[in-house]
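Thanks for coming. I will talk through one model today, and I will go slowly over the terms. Please look at the sequence and the structure first.

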Amino acid sequence: PLARYSLDYLAFLAGHARQSVGKELLLAVSGPFVSPSKSVFLFSPPLVLALLSVRGAWKSEWRFVLPALLLPVALALFQGLFYRDLWAGAYGWGLRFMLPALPALLVLCAPLVDAIALQPGRSARWPLWLTLAAGGLIQASGAWVPWITSYQAWTSRGLDPYAPGAAWTARFLLIPGQLERLLDPNTWTLAWLRLRSAGDQRAAVLGFAALVMSFACVVVLVRAPRSIGGRARNVAAASLLAASLILPLWPNLSLLRSDPEWGAGRPQHEQALEWLRSSVTEGDCLLLDSYAIPLWFFWMNRWDQPVPWTSLPFEIPGSAVSDLGESARRIQSRAACSQGRVWYLTSTESPTYGVRHLEGKSAIPADFNLQAVFGQARRVEIWAFSPPR
């Protein structure tokens, strides 16, 4: 942490933030709340209940309400100061940097939810159930269906969902297309489904166990005998909820290593790993192209040699491709790599592979020499960077 957040880096952040102050900052700060395609209220409808609860909660719990309201504004401000007009990100599902504010905002819903629950008759509870169901469906559509499909559909129609202005255009709201695809089970791409199709049932069993514990939590809260005190009932429900969230996590960390989306079940990955294990020496470095592809997930979980590695960014379609030679020279200038070689590892699944191999002719700089190739349709290539001395 001290190396990452050095005084020089903090000074850079201060200068960068100072240059970000302007009228555009107002759009960046308000965007997470009012954007027609990225608003947190669109991706998490229960947050609307929090807004409706603020007035009533303020009277009795203003010490909690005030920081709960200031936190999302602060996060939006820091996000805007750093990312400026790219506050919404180039692509993705929702605004991940706003997530820390959500738990406190959802707690604000408690007074309104309690008031609705105490209303006589079931009709008064329908708005609550519909809001919760909408939130669940939206999150399921983002988790079960690859949202990159929506981006591909937009670009195929000649639209540009990666532009900064897309955050202010309602047509680039991901939710409608995701909900439509959610109706087709063939589009679902959950880890336990992928593992189950490969004959591994363990992830499905863990997910089912989590559902059972969550259901038991609801039963304890709603159906527990009145003889059980409210405090004891709440403790039991909280324990079951914590167990349903935490217990499946640890075994899942190892199970996901068998997930094809994380690079498993691909012999070419294993072959490249073994080849480099026997070829690298102390002082070498690895450059992987690119971030967030199956090869990257595989490497993140399997590379075990005392040789540092880094990755090139995930290139957004239509953007300028990073200079491979410059990236390798920058890595070689580091103290840890100055005495060794830079190995370049790429895959045909990398977004930049097609750009660097135009019409079958390699566009990789002459300073790189091909060392090994593994696989065919999904190929992995290993190159060595050998600049003239």
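Two strands pair if DSSP finds at least two bridges between them. Helices (H or I, at least four residues) and strands (E, at least two) are DSSP runs, numbered from the N terminus.

Some ground rules before the details. This is a predicted model, in which local features need pLDDT of at least 70, side-chain atom pairs count only at pLDDT 80 or more, and totals for chains, interfaces and linings use all residues. Residues are numbered from 1 along each chain as its sequence is written, and side-chain values use heavy atoms, with hydrogens and water left out.

Now the overall picture. The chain has 17 helices and seven strands. Of its 389 residues, 37% count as buried; buried means under 20% relative accessible area, exposed over 50%, and partly exposed in between, with a 1.4 Å probe and protein chains only. Contact means heavy atoms within 4.5 Å. Among contacts between residues at least 6 apart in sequence, 69% join residues at least 24 apart.

On to the sheet. Five strands form an open sheet in the order β2-β1-β3-β7-β6, and the pairing is mixed. Its edge strands are β2 (309-311) and β6, each of which pairs on one side only. From one strand to the next, the twist averages 25°. For angles, axes are lines fitted to C-alpha atoms, for helices over the stretch in contact, and angles run from 0 to 180 degrees between N-to-C directions. Helix α16 (residues 324-332) packs on this sheet and touches β1 (285-289), β2, β3, β6 and β7. The direction of α16 makes about 150° with that of β1.

Let us stay with β7. Why is strand β7 said to be largely enclosed by the rest of the structure? Because six of its six residues, 380-385, are buried. Both faces are covered: Val-380, Ile-382 and Ala-384 are buried on one side, and Glu-381, Trp-383 and Phe-385 are buried on the other.

Which strands does β7 pair with? One is β3 (residues 342-347), which pairs with β7 in the antiparallel sense over six bridges. Leu-345 has Ile-382 of β7 as its bridge partner, and Ser-347 has Val-380. Another is β6 (residues 368-374), also antiparallel to β7 over six bridges. Here Ala-372 is bridged to Ile-382, and Val-373 to Glu-381. The hairpin of β6 and β7 has five residues between the strands, and in it Gly-375 takes a positive phi near 90°.

Arg-194 lies in helix α10 (residues 191-197). Is Arg-194 buried or exposed? Its relative accessibility is 17%, so it counts as buried. Leaving out residues up to four places away in sequence, Arg-194 touches Thr-189, Asp-259, Pro-260 and Glu-261.

Val-205 lies in helix α11 (residues 202-223), and at 55% relative accessibility it counts as exposed. Val-205 and Trp-192 are 13 residues apart along the chain, and their C-alpha atoms are separated by 8.8 Å.

Leu-245 lies in helix α12 (residues 230-246) and is exposed, with a relative accessible area of 56%. Leu-245 and Gly-207 are 38 residues apart in sequence and 9.9 Å apart in space, C-alpha to C-alpha.

On a 1 Å grid over the protein atoms alone, a cavity is a set of points where a 1.4 Å probe fits but cannot get out, and lining residues have an atom within 4 Å of a point. Grid points are joined across faces, edges and corners, and a volume is the space filled by probe spheres set on the points. How many cavities of 30 Å³ or more does a search of the whole structure find? It finds one. The largest cavity has a volume of about 100 Å³. It is lined by 15 residues, and those nearest its centre are Lys-38, Gly-89, Pro-161, Ala-166 and Ala-167.

Conventions: 1 Å grid on protein atoms, 1.4 Å probe; cavity = no way out; pocket = protein on both sides within 12 Å on 5 of 7 lines; lining within 4 Å.
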